[in-house]
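Please have the sequence and the model at hand while reading.

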Amino acid sequence: MSYCIRRKAHDMEGENHTSIPQFLLLGFSEDPELQPVLFGLFLSMYLITVLGNLLIILAVTSDPHLHTPMYFFLSNLSFMDICFVSTTIPKMLVNIQTQTRDISYKGCLTQSYFFMIFAGLDNFLLTLMAFDRFVAIRHPLNYLIIMSPHFCGLLVLVSWLLIFCDSLLHILLMKQLTFSVDTEIPHFFCDVAQVLKAACSDTLVNTICLYVTTLLVGVFPASGILFSYCQIISTLMKMSSASKQKAFSTCGSHLCVVSLFYGTGLGVYLSSAVSSSAHRSMVASVMYTVVTPMLNPFIYSLRNQDVMGALGRLLRRTVSFPSWIPTLSCKWKLRSLKTIL
């Protein structure tokens, strides 16, 4: 901290005032022997995450049976998960491959901005999916009327607008902070909490804002999910065994994803609060930034017969109808028309 104070005073005197600060992402290890292992591990997890979530999106959009509110929210969640991992992992892979650790000041703020957006949208989408299950089980006769396509689209749009404003507020406050020229961040991406710790200036306003928005974006959605499932369970207790089994099968996948997302997020918070080791907090962060988005497609496909069936039909269509067949078919039809004419 003393170095930061001296750097700030030095800049105020005018010398080196035009120096642009940059950040050094320390990552997991500086051991050269571990770099290929880390690169291969995270590249594999990134590709699996992108491919798995992309398959979910293709299955939902291509199968008319899945054009329902629940799978509309699921396809949005899969898209958010792709964006979520793409915010952090590619930059880390580039740093490992080039054996560099730096990220520019603007690049760090941009990464923090999009990380907050997609993490917050994951929260909101999981809450909307819980609300969808609540309406489907508590009000089955009015389900399609309440959860109309326009209303579902409006819910997602409002979620986008809220999280955009929240993330923009954080970035505008972070732009008021001062940093040293080579600020070290003990993480593999520009985590907002770690960036605030590395700042040279007072971060009281930023910290208060961070806690308030965490309450609004994290705790309130989690409370909404908890309330929805309390109501769902109370309703299921009054149903027959067959209805219970069907309802639990539709809610089971969502409950697994919610438990994984909030469980790993809580683990990160507790690890940073109990232990002062930045390395442990960084390892715990991998669970909700990389592992959770990677596992979501497997949870929804393996535990959901509708998604499994849609994926099977998608793969069969892909194998049975190569891309050149429709072209030949169109040419054959045109040739037949010319012959007739």
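## Cavities in the model

Rolling a probe the size of a water molecule over the atoms shows where empty space is left. In this predicted model, two cavities reach 30 Å³ or more.

## The largest cavity

Which residues line the largest cavity? The lining consists of Met70, Tyr71, Met129, Arg133, Thr250, Ser253, His254, Tyr300 and Asn304. By class, four of these residues are nonpolar, four are polar and one is charged.

Three helices each contribute at least two residues to this lining: helix 3 (69-98), helix 4 (105-138) and helix 9 (241-274). The largest share, three residues, comes from helix 9.

## The second largest cavity

The second largest cavity is lined by Asn53, Ile56, Leu74, Leu77, Ser78, Asp81, Asn296, Pro297 and Tyr300. Two or more residues of this lining come from each of helix 2 (35-62), helix 3 and helix 10 (278-302). Helix 3 gives the most, with four residues.

The lining of the second largest cavity divides into five nonpolar residues, three polar residues and one charged residue. Tyr300 is listed in the lining of the largest cavity and also in that of the second largest cavity. Helix 3 likewise supplies residues to the largest cavity and to the second largest cavity.

## Packing of helix 3 and helix 6

Two packed helices are described by the angle between their axes and the distance between the axes. For helix 3 and helix 6 (residues 149-174), the angle is about 30° and the axes are 10 Å apart. Angles under 35 degrees count as roughly parallel, and helix 3 and helix 6 are therefore roughly parallel to each other. Their crossing is right-handed.

On the helix 3 side, the contact is made by Pro69, Phe72, Phe73, Asn76 and Met80. Helix 6 brings Cys152, Gly153, Leu155, Val156 and Trp160 to the contact. What classes of residue make up the contact of helix 3 with helix 6? Eight are nonpolar, two are polar and none is charged.

Conventions
Residues are numbered from 1 along each chain as its sequence is written. This is a predicted model: local features need pLDDT of at least 70, side-chain atom pairs count only at pLDDT 80 or more; totals for chains, interfaces and linings use all residues. Side-chain values use heavy atoms; hydrogens and water are left out. On a 1 Å grid over the protein atoms alone, a cavity is a set of points where a 1.4 Å probe fits but cannot get out, and a pocket is an open set with protein on both sides within 12 Å along at least five of seven lines; lining residues have an atom within 4 Å of a point. Grid points are joined across faces, edges and corners, and a volume is the space filled by probe spheres set on the points. Ala, Val, Leu, Ile, Met, Phe, Trp, Tyr, Cys and Pro count as nonpolar, Asp, Glu, Lys and Arg as charged, and the others, Gly among them, as polar. Axes are lines fitted to C-alpha atoms, for helices over the stretch in contact, and angles run from 0 to 180 degrees between N-to-C directions. Angles under 35 degrees count as roughly parallel, over 145 as roughly antiparallel, 65 to 115 as roughly perpendicular and the rest as oblique. A crossing is left-handed if the near helix is turned anticlockwise from the far one by less than a right angle, and right-handed if clockwise. Contact means heavy atoms within 4.5 Å.
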